[in-house]
Amino acid sequence: MMILVLTLGLIVFMLIGLPVAMTLALSALGALLAGDGMVFQFSVLSQKMQFGLQNFLLISIPLFILTAKLMNTAGITERIFRFANTLVGFLPGGLAQANIVASLIFAGMSGAAVVDASGLGQIELDAMTKNGYPKKLSVAVTAASSTIGPIFPPSIPMVVFSFVSGVSVGRLFLGGVVPGVLMAISLMTMVVFYAKKYNLPRRQFPTFAIAFRSFVESFLPLLTPLILLGGIWLGVFTPTEAAAVAACYALIIGVFVLRVLSLKDIVRVSIETARDTAKIGFLIAGASLYGWVLMRSGMTIKFAEWLTSISQSSFYILLIINAFLLVVGCFLDSTVAILILGPLLVPVIENLGIDPVHFGVIMVLNLMIGLLTPPFGIVLFVMKEVSGLKFEEVVKSTLPFLIPLFVVLILIVIFPGLVTALPNFLMGG
Amino acid sequence: MKKFLEGLNIIVLWLMFFSAILTVVCRVFLKIPTSWSVDLAQYSFIFLIFIGSAAIMEDESHIKITVLTDRLSEGVQKIFRIIERLLMISFLVIFTIGAYQNVKFNWTVGLPTVNWLKMGYMYLILLISGIIMIFYLCINIYSDVFCKKTHPSELGVNS
C-alpha cells in the first residue's frame with residue numbers, strides 16, 4: 001500500500017503542477033498515513049527534512065552558484081570568451097569553436113548548464129550573430145555547449161549524486177574531466193561540418209602578442225578551476241571549502257582587481273543565489289523525507305529485484321537504465337531526477353558491480369542531454385528567451401547537436417575507463 | 001515582508017560563506033580545526049533553505065512541472081491552483097505542528113561544539129518557515145477566489 005501511494009502520489013501531484021518538493025513531501029506523508037495510520041509522529045516530517053540538509057557537502061551548492069554569478073556579473077565570462085576566440089577562432093567555424101571552448105573553460109568555474117546558457121550564452125550569441133553566423137546555428141551551439149558545465153567539474157548535479165549515493169564527490173568531479181573534454185571535441189568536430197556548409201567566417205591565426213595579451217587578460221579567472229580541482233586533489237580543501245575559496249576568489253577579482261562589482265551588484269547576486277539555493281535545497285529536503293519513506297516501504301529492494309530479474313548482465317542493465325534516464329531527462333529536471341531515482345538505481349548498479357563513479361557520470365550526462373530535448377529541456381527555454389526565436393525553431397536547430405553528445409554517451413558506457421581512469425590514477429582505486 | 005526575508009537571507013548567505021572560509025583559514029593556515037564554524041555554516045544553510053523557501057512561496061516560484069496545467073483553460077487552472085494550495089497547506093500544518101514538538105523537545109539541547117547554539121533553534125526556523133508558507137498560501141487562495149488581480153504582490157503583501 002505504501003509503495004502504491006508513493007508512486008501514484010508522485011505522478012498525480014507532479015502532473016497537477018504541485019511544486020516538486022511538495023509533491024515528494026505529500027507523497028511521503030500519504031504513504032506514512034497509509035502504512036502507519038495516524039499513529040506516526042508528526043515530528044518525524046521536520047526531523048527527516050532538516051536531517052537531509054545536514055551535510056556539509058551540500059553547502060557547496062550555493063557557493064558554486066555564487067561563484068558563477070559573481071563571474072558573470074564581473075564580466076569575467078566576456079574575457080574568457082575573448083581568450084577562447086584567440087585560442088581557436090582561426091579554426092573552421094571560428095566563433096562557434098570559441099563558443100564551445102569558452103563553455104569548457106567556464107565549466108571549470110560553474111556547475112550548472114543554465115548559468116552557462118543564460119550568462120555566457122548571451123555574450124556568445126551576440127558575438128556570433130554580429131559576425132554573420134546564422135542565429136539558429138548560434139543558438140544550437142550555445143545550447144549544446146552549455147551542457148558541458150555540469151559534466152566538467154565542478155558540478156552541482158554531481159554534488160547531488162554524491163549526496164544520494166555516498167560516492168566521493170572528488171572522484172566524481174575527476175571522473176567528469178575526460179567526458180567533458182570529449183563533449184567539447186565532438187561538438188567542435190560537428191561545427192567543422194557546419195562551417196563548410198554555411199561558409200562561416202573565421203579569424204586569422206593570432207600573433208604571439210595578441211595571444212599573450214588575451215591570456216594575461218583572462219589569466220586570473222583561468223586559475224579558478226586549478227584552485228578548485230588542485231585543492232581537492234591535493235587534499236588541501238574539501239569540495240565545500242574549495243567552493244568557498246572559489247567564491248572568495250571571484251569576489252576578490254571582481255571587487256579589488258577588476259573593480260567592476262558594486263555593492264548593488266553583490267546584493268542582486270546574493271538575492272538570486274539565495275532564491276536558487278532555496279529552490280534546490282527545499283527539493284533536497286522533500287527528497288530526504290521521500291527517500292526515508294521509500295526505504296521503509298521496501299520499494300528499493302523490490303525495484304532492484306525486478307531490474308535484475310530482466311537480465312543478469314551488467315551491460316544490458318546499464319543500457320536499459322540509460323534508455324530510461326534519457327526518457328526521464330525529457331520530463332524531469334536533473335536535480336529532481338537524481339534525487340528521486342538515485343536511491344533506487346544506486347543499490348542496483350552496486351549489486352551488479354558497476355563502478356558508482358562511472359554510473360554517476362553516465363546518469364548526469366543522460367540528464368544533461370535531457371536539458372536539450374523537448375518538452376521540458378530547460379536550456380531550450382533559456383535559449384528561446386535569450387535569442388527571441390520560437391521554441392520550435394530552437395528545438396529544430398538544436399536536435400542535430402544531440403548526435404555528438406550521444407556519441408560521447410555511448411563511448412563512456414562502453415569504455416568505463418574514460419571516466420574511472422583519471423580518479424583512479426590521481427586518487428587511487 | 002518578502003523584502004525583509006530576502007534581506008535576512010542575504011545576511012545568512014554571507015554568514016554561511018564566511019563560516020566556510022573561516023573553516024579553511026583555521027584548518028589550512030592556522031592549523032586549528034574549528035568544528036563550530038562547520039556547525040554554524042550548516043545552521044546558516046538550513047536557515048537559508050527554509051526561510052528562503054518561505055520567501056519564494058509568495059510568488060510560488062518553487063520548481064514545478066506545468067506541462068499539463070498550462071494547456072488547461074484559465075478557469076480550470078484556477079481550480080487546480082486552489083486544490084494544490086489546499087494540499088500544500090494540509091502538509092504544512094502537520095509539518096508545522098511536528099516542528100513545534102521538536103522545538104519543545106530540543107529547546108535546551110546544545111550542540112557539542114557550540115553549547116549556546118541549541119537544536120531547538122533550528123526547529124524554530126522550520127516552525128517559522130511553515131507558518132510563513134501557510135500565510136502566503138492562504139493569501140494566494142484569497143487572491144485567486146476573491147480578487148480579479150491574480151498576483152499576491154498586487155495585494156501589497158510583499159511590501
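**Contact between the chains**

I then looked up who takes part, and found 53 residues from chain B and 55 residues from chain A, with contact meaning heavy atoms within 4.5 Å.

I reminded myself that this is a predicted model, in which local features need pLDDT of at least 70 and side-chain atom pairs count only at pLDDT 80 or more, while totals for chains, interfaces and linings use all residues. Residues are numbered from 1 along each chain as its sequence is written, chains are lettered from A and ligands numbered from 1 in the order in which they are written, and side-chain values use heavy atoms, with hydrogens and water left out.

**Chain A as a whole**

I turned to chain A and found 23 helices and zero strands, where helices (H or I, at least four residues) and strands (E, at least two) are DSSP runs numbered from the N terminus. The radius of gyration of chain A is 22 Å, close to the 22 Å that the globule rule gives for 429 residues, so chain A is as compact as a globular protein of that length; the radius is taken over C-alpha atoms, and the rule is 2.2 Å times the number of residues to the power 0.38. Along the principal axes, the C-alpha atoms of chain A fill a box of roughly 75 × 45 × 45 Å.

I also looked up burial, and 63% of the 429 residues of chain A count as buried, the classes being buried under 20% relative accessible area, exposed over 50% and partly exposed in between (1.4 Å probe, protein chains only). Of the contacts in chain A with a separation of 6 or more, 78% are accounted for by residues 24 or more positions apart. Chain A exposes about 15600 Å², with carbon and sulfur atoms supplying 69% of it; accessible areas come from the Shrake-Rupley method with a 1.4 Å probe, and for residues only the protein chains shown count as cover.

For charge, I recorded 23 positive and 17 negative side chains in chain A, and the centres of the two sets lie 8 Å apart. Lys and Arg count as positive and Asp and Glu as negative, while His and the chain ends are not counted; each charge is placed at NZ of Lys, CZ of Arg, CG of Asp or CD of Glu.

**Chain B as a whole**

I found four helices and zero strands in chain B. Its radius of gyration is 19 Å, whereas a compact globule of 159 residues would have one near 15 Å, and the C-alpha atoms of chain B fill a box of roughly 65 × 35 × 30 Å along the principal axes. In chain B, 52% of the 159 residues count as buried, and the chain carries 13 positive and 10 negative side chains, with the centres of the two sets 6 Å apart.

**Backbone entries**

I kept in mind that most residues other than glycine have a negative phi, and that most peptide bonds are trans. Against that, a cis peptide bond joins P153(A) and P154(A), with omega about 0 degrees, and P154(A) is found in the loop between helix 8 (135-146) and helix 9 (156-165) of chain A.

N199(A), although not a glycine, has a positive phi of about 50 degrees; this residue is in the loop between helix 11 (177-198) and helix 12 (208-217) of chain A, and at 66% relative accessibility N199(A) counts as exposed. K31(B) has its place in the loop between helix 1 (2-29) and helix 2 (35-56) of chain B, and counts as exposed at 65% relative accessibility.

**Two further residues of chain A**

I looked up A112(A) in the loop between helix 6 (94-107) and helix 7 (113-130); leaving aside neighbours within four places in sequence, A112(A) is in contact with P150(A) and I156(A). G231(A) lies in helix 13 (residues 219-233) and counts as buried at 7% relative accessibility.
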